[in-house]
Amino acid sequence: MIKNIFLVLLGGGIGSVVRYLLSYFLTKNYTTQFPWATFIANALGCLLIGLLFGYIQKNNLQNETLKLLLITGFCGGFTTFSTFSLENIQFIQNQNYNFAILYTTTSLAVGFLGIIIGFKLFN
């Protein structure tokens with residue numbers, strides 16, 4: 001159990017740092033109302049989780065270490081539903097309903113599509 005917790009901690013820590021660096025780079029170099037950093041992190045995370053899941057399933061890997069480190073840990077730390085939700089609430093509070101609808105629908109569509117594409121690349 002301690003090993004599993006360490007794997008999730010390690011992967012999640014790395015994923016969180018990568019998300020922070022992505023956010024830092026984008027907000028430093030681009031100013032926009034649309035939360036591109038969260039959108040891109042979630043889209044890439046969905047693609048990556050689809051790739052990992054497809055690879056694991058295709059190769060019939062029963063490697064719990066790989067799943068905990070990369071899927072639960074890294075992807076869990078890299079993607080962020082809570083930030084996505086907060087940003088949507090802020091859009092609504094600012095009466096920017098068009099951005100809230102656009103952000104929600106495109107995030108869900110791109111997320112599902114990313115997982116499907118990633119999974120299909122290995123099947």
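Trainee: Is Phe 34 buried or exposed?
Mentor: This is a predicted model, in which local features need pLDDT of at least 70 and side-chain atom pairs count only at pLDDT 80 or more, while totals for chains, interfaces and linings use all residues. Residues are numbered from 1 along each chain as its sequence is written, and side-chain values use heavy atoms, with hydrogens and water left out. Buried means under 20% relative accessible area, exposed over 50%, and partly exposed in between, with a 1.4 Å probe and protein chains only. Because its relative accessibility is 8%, Phe 34 counts as buried.

Trainee: How does Trp 36 count at 41% relative accessibility?
Mentor: The value of 41% has to be set against those cut-offs, so Trp 36 counts as partly exposed.  Phe 34 and Trp 36 both belong to one aromatic cluster, which also includes Phe 39 and Tyr 103. The class of Trp 36 is therefore partly exposed.

Trainee: Which kind of pair do the rings of Phe 34 and Trp 36 form?
Mentor: Rings of Phe, Tyr and Trp (its six-membered ring) pair if their centres lie within 6.5 Å, and planes under 30 degrees apart count as stacked, over 60 as edge-to-face and the rest as tilted. The structure holds 14 aromatic pairs. In this one the centres are 4.7 Å apart and the planes stand at 55°, so the pair of Phe 34 and Trp 36 is tilted.

Trainee: Which residue caps the N-terminal end of H3?
Mentor: Helix H3 spans residues 64-78. A side-chain oxygen lies 3.0 Å from the backbone nitrogen of Thr 65, within the limit for a polar contact (a pair of N or O atoms within 3.5 Å; within protein, one must be able to donate a hydrogen and the other to accept it, and residues adjacent in sequence count only if both atoms are side-chain atoms). The residue that caps this end is Asn 63.

Technical notes:
Helices (H or I, at least four residues) and strands (E, at least two) are DSSP runs, numbered from the N terminus.
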